[in-house]
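Try each task on your own before you read the solution.

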Amino acid sequence: MARPYDTTRLAQVHARSIQEREAFWAEQAKTIDWMKPPQQILDYSKPPFSRWYVGGETNLCYNAVDRHLAARANQPALIYISTETNEEKTYTYADLHREVQTMATIMQSLGVKKGDRVLIYMPMIAEAIFAMLACARLGAIHSVVFGGFAAPSLAARIDDATPVLMVSADAGMRSGKEVPYKHLVDEACRLAQKPPAKVLMVNRGLAQCGMVAGRDADYAALRTQHQAAQVPCAPMLATDSSYILYTSGTTGKPKGVQRDVGGYAVALAASMRHIFDCKPGEVFFCTSDIGWVVGHSYIVYGPLINGSTTIVYEGLPIRPDAGIWWQIVERYKVSAMFSSPTAARVLKKQDPKYMTERNTSSLRRLFLAGEPLDEPTARWISEALGGTKIIDNYWQTETGWPILTAQHGIEDTETKFGSPSFAAYGYDMRLIHESTFEEVGANEKGMLCIAPPLPPGCLQTVWGDDDRFVKTYFSAVPGKYLYSTFDYATRDAEGYYFILGRTDDVINVAGHRLGTREIEEAIQAHPNVAEVAVVGVADALKGQMPMAFAVLKNPATVQTEEGRKAEEKAIMATVDKELGAIARPGRVHFVTLLPKTRSGKLLRRAMQALAEGKDAGDMTTLEDPSALEQIKAVLKT
C-alpha cells in the first residue's frame with residue numbers, strides 16, 4: 001500500500017512552493033544564467049496575469065546552448081535520427097552553436113528583428129530545432145505549426161501571428177512516403193490576409209520545391225554564405241514573449257498560447273531535475289513532435305537547458321520494426337524517455353519479443369502523457385520493460401510542463417497504475433464540485449482547477465486577446481477565481497489523483513453522469529481489447545447512451561456475426577463488472593483503427609457527431625481518413 005502523500009518529503013516541498021511561493025521560485029531561478037538578475041520574483045498586481053522574474057534579463061538560446069560551451073563543447077547536444085530517410089547525425093554543443101548562429105544570421109538577412117514573429121512549419125529535422133533556437137537567440141517570437149496541417153489551418157495561424165518569415169521544407173516523410181509541404185505553404189500564403197514577406201525553404205530533395213521569386217529563399221545557398229557568422233544572444237526581459245503555440249482542436253479563430261522567456265526557462269530547468277530526474281550529460285529521448293508543447297519543452301528547451309543530450313526522431317514506433325525505439329535506447333544509453341499512452345497501445349499490439357530483445361537497462365524511467373494512461377496499458381508496458389519505472393504525467397499546452405506527476409528528483413514515491421500521482425510543486429490544485437462549486441472530498445469527482453497565480457512556465461495570456469484568456473480559463477467556477485483545466489478528476493485518500501476525462505466529455509445517462517474515460521478503462525480490462533474510444537450519443541429514453549468503438553488484439557474473433565455479438569456481449573459484461581450496468585455501452589462497434597490527430601489524440605467529437613448523424617466537422621488534423629470511413633461503415637450495421 002502506498003504511503004499517504006502528506007507523510008512524504010514531496011508534500012513538504014509542495015507545501016513550501018505554495019506557502020513561500022516567491023522564496024521557492026527565487027531558489028529555482030539560480031539554476032539558469034541571467035544577464036541581469038530579477039528585481040521582483042512575482043508581480044501579481046493584475047490577477048489573473050502572473051509576471052515572473054520582473055526586471056530580469058536572460059535568453060533561452062544562451063541557456064540552452066552558449067552557457068554549456070565551456071564544459072560541454074564536445075558533448076553531443078542533439079542526435080538526429082530518421083528511420084524515414086535512414087539518416088543519423090550527431091551535433092555537439094559546439095556544432096549546435098555554429099548551426100544556430102548561421103540560422104540566426106540567415107533570418108536577420110531576411111529581415112527578422114527582435115519581437116518579430118517567425119512561423120516554423122517543418123518536419124522533424126535538425127533544421128527545425130536550429131530555427132527555434134535562432135529565434136530565441138534573436139529575440140524573435142516563434143510559432144511552430146505542426147508539419148502537415150492543411151493550408152487553411154496554416155493560413156489562419158499566419159493571420160493571427162502575422163509572421164515576417166516562414167521557415168519550411170519541401171516535404172516530410174511518414175511510413176516511407178513523402179508528405180509534400182511546399183504546395184501547402186504556397187496555398188496558405190495565398191489564403192492568408194497577412195502572408196509573410198519571406199519564406200525560407202529547406203530542400204531535402206524529397207518533393208517538388210518550386211521557388212516563388214522575390215519571396216522564397218534557399219536555406220542551403222544562404223547557409224554557405226553565412227557559415228562563419230557570429231550573432232550574440234539578445235538580452236530579453238524575463239517577461240518578454242518567447243513563443244506562440246496554437247492549441248489543437250480549436251474551433252473558430254485559433255487560440256495562441258503565449259509563453260514568456262524567464263519563467264519558462266526556470267520551470268523547464270527545475271522540471272528536468274525534480275520531475276524527470278535527468279542529469280546533465282545524460283541522454284533524453286522524447287518521441288513527440290516539435291509542433292506540440294511536449295516537443296517544445298522536452299525535445300528542445302528542457303534537455304538542452306539541462307545540459308543533456310536530446311534525441312530528435314523522425315519516424316514511427318513500428319518502422320522498420322516495433323523494436324526501433326528500444327534499439328535507440330540501447331545504442332545511446334537513454335536515461336529518460338517521454339512518449340504517449342497512444343504509442344504504448346500501438347506497441348501493445350505488436351509481437352512482445354520487440355520489448356525484450358534489446359538492452360534497456362539504462363532507461364530508468366519512461367514518462368507517458370498526452371491523454372489519460374489506462375491501468376492495463378500502464379501495467380503491460382511496466383512488465384514488458386522490466387526495471388524501467390513508468391511515470392504518468394498530466395499537463396496541457398497552456399501549462400508548458402507537468403501539473404500532476406511523480407517527482408522522483410525530489411523523492412522516490414510509489415506510483416499507482418492509472419494515476420499521474422501528485423500535484424507538481426508550484427501548482428495549488430483544487431477539485432471543485434460541478435454543481436455546488438465547493439471543494440470535494442476523497443474519491444469524489446470534481447473539476448480539476450488551479451488556484452492562481454499560475455507558476456512560472458505557464459501561459460502569459462492568449463496571443464493578442466487578454467479578454468479571451470480570462471474568459472476561457474478563469475470563468476468556469478462562479479465566485480471563485482480558479483483556472484479550469486476542463487478535466488474531471490478524483491483524489492484518493494492517499495493523495496493520488498486520477499483523471500476521468502474532459503468536463504465536456506461527460507455522458508449523462510438517466511441522470512447519472514459518467515466520464516468517458518471511466519467506461520474506456522473498464523472496457524480496457526477485457527483481455528482482447530487493445531484500444532477503445534467511448535462517446536455519448538443522444539438517446540430518446542435516457543438522454544445519452546455510451547457508444548464504444550474498439551480495436552481488438554485478435555480481430556479474427558469478430559469476423560462472423562455470431563463472433564461479433566459474442567465479443568460485444570463479453571465487453572458489456574466486463575463493463576457491468578467494472579462499473580455497473582448503468583455504464584454499459586448501448587453498442588460496441590469493432591474497427592481496426594480509431595480516428596486520431598497526427599499527434600495521437602482521439603477525435604471523440606468526430607465519432608460522436610457521426611454516431612448522431614451529424615457532420616464530423618474540421619478534419620484537417622486527421623492522421624488516417626480511412627478511420628472515419630470505418631466508423632461510418634460500422635454505424636450502418
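**Exercise 1: a sheet of strands**

Strands β24 (residues 446-450) and β26 (residues 483-491) pair in the antiparallel sense, over four bridges. Keep in mind that this is a predicted model.

Task: Starting from M447, find which residue stands opposite in β26, then work out in what order the strands of the open sheet run.

Solution: 
1. Go to M447 and look across to β26: the residue opposite is Y488.
2. Now widen the view. Four strands make up the open sheet, in the order β23-β24-β26-β27, with antiparallel pairing.
3. Check the edges: β23 (429-432) and β27 (497-502) are the edge strands, since each pairs on one side only.

**Exercise 2: a pocket and its lining**

Task: Describe the second largest pocket: what is its volume, and which element gives the most to its lining?

Solution: 
1. Begin with the volume, which is about 370 Å³ for the second largest pocket.
2. Next, locate the centre. The lining has 18 residues, and the closest to the centre are E87, Y91, E127, V202 and R204.
3. Assign the lining to elements: β5 (87-92), α6 (126-138) and α9 (219-225) are those that give two or more residues.
4. Pick out the main contributor: β5 gives the most, with four residues.

Notes: Residues numbered from 1 in each chain as written. Predicted model: local features only at pLDDT ≥ 70, side-chain atom pairs only at ≥ 80, totals over all residues. Heavy atoms only, no water. 1 Å grid on protein atoms, 1.4 Å probe; cavity = no way out; pocket = protein on both sides within 12 Å on 5 of 7 lines; lining within 4 Å. Points joined across faces, edges and corners; volume = space filled by probe spheres on them. Pairing = 2+ DSSP bridges.
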